[in-house]
Amino acid sequence: MNLKVYITDLIIERRMLWELSKKDLRLRYLGSSLGVFWAIINPILLILIYWFVFQVGLRSFPVGDIPYILWLLAGITPWFFFSESLSAATYSIEQNSFLVKKIVFKTHLLPIVKIMSSLFIHCLFVMLTFLVFAVYGVGIDMYLLQIFYYSFALILFTIGLSWITSALHVFLKDVGQVVSVILQFGFWLTPIFWSFNMVPQKFEFLFKLNPVFYIVEGYRDTFINKIWFWEHYNTTLFFWVVTFLLMIIGSKLFKKVSPHFADVL
């Protein structure tokens, strides 16, 4: 089974993945004086702009009893990770053609390298989120442990999806642009800036079909609503079925087309 082999490779090659992801992170900001800190400075500036426009300029609501900036930060943190890692992973095969042409290199690890390098930034962002919540007087409790569960779930979902997009992008260059457009639509169709309570009940199921909805709401359940993930057993089951299907389809597709990568790169 391709998926079992791929996961085994991930475990065996974990040290190489760690070194490659650190190198990838350094290369992204090579030459800039602030280096990797730009990776977190840019999202922080973006959040401050959103906060100023929506809360100060448009005088947006607090959501329930929660200040808007906390509500926004809990929702946008997983989206930044998903968006950044999927975008980078989609181009990972094309950008590492010199490795693809080495017969011994396991190319299915390349998208994971991009996801891991984005994970470093995500960890910094999660710590920043903890800090901001602490400044607002929100204490630490057991629910915060769920951040590991939801991060792990998002990583597996992104791996499965990126095996598909990165493999297709080698042969169809439009795939990268399609992913970019879908991410832009996905950003506004996922309840990041707006509350899911605004959606009429008869349309709620449509939004729940978006697997990232499960993750974004999960982060809010962790930081704000204090709800365990198993209490949403229907959406939890749906998310994992979709994720494992993506991983199975992605690994099979990657296995089938990867021998031809070197011919077109």
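Predicted model: local features only at pLDDT ≥ 70, side-chain atom pairs only at ≥ 80, totals over all residues.
Helix α11 gives the largest share of the lining of the largest pocket, namely eight residues. Residues are numbered from 1 along each chain as its sequence is written, and side-chain values use heavy atoms, with hydrogens and water left out.

First, some terms. Helices are DSSP runs of H or I with at least four residues, numbered from the N terminus. A pocket is found on a 1 Å grid over the protein atoms alone: an open set of points where a 1.4 Å probe fits, with protein on both sides within 12 Å along at least five of seven lines. Lining residues have an atom within 4 Å of a point. Rolling a probe the size of a water molecule over the atoms shows where empty space is left.

How many residues line the largest pocket? The lining has 26 residues, and Phe196, Phe213, Glu217, Asp221 and His232 lie nearest the centre. The volume of this pocket is about 560 Å³, where a volume is the space filled by probe spheres set on grid points joined across faces, edges and corners. At least two lining residues come from each of α10, α11 and α12 (233-257). By type, the lining comprises 13 nonpolar, seven polar and six charged residues. Here Ala, Val, Leu, Ile, Met, Phe, Trp, Tyr, Cys and Pro count as nonpolar, Asp, Glu, Lys and Arg as charged, and the others, Gly among them, as polar.

Glu217 also brings us to Tyr150. The two are 67 residues apart in sequence, and their C-alpha atoms are 9.9 Å apart in space. Tyr150 belongs to helix α8 (residues 146-171). Is Tyr150 buried or exposed? Tyr150 counts as buried because its relative accessibility is 1%; buried means under 20% relative accessible area, exposed over 50%, and partly exposed in between, with a 1.4 Å probe and protein chains only.

I turn now to the salt bridges. A salt bridge is a side-chain nitrogen of Lys or Arg within 4 Å of a carboxyl oxygen of Asp or Glu. By this rule there are seven salt bridges. One of them joins Lys106 and Asp9, at 3.3 Å from N to O. This pair links distant parts of the chain, 97 residues apart: Lys106 is in the loop between α6 (97-100) and α7 (110-135), and Asp9 is in helix α1 (residues 2-12). Lys106 counts as partly exposed because its relative accessibility is 28%, whereas Asp9, at 9%, is buried.

Another salt bridge joins Lys114 to Asp24, with the closest N and O atoms 2.7 Å apart. Lys114 lies in helix α7 and Asp24 in helix α2 (residues 14-28), so this pair ties together parts that are 90 residues apart in sequence. Both Lys114 and Asp24 are buried.

A further salt bridge has Lys226 and Asp141 as partners, the closest N and O atoms being 3.0 Å apart. Lys226 sits in the loop between α11 and α12 and Asp141 in the loop between α7 and α8, so parts 85 residues apart in sequence are tied together. Lys226 is partly exposed at 21% relative accessibility, and Asp141 is partly exposed at 28%. Thank you for your attention.
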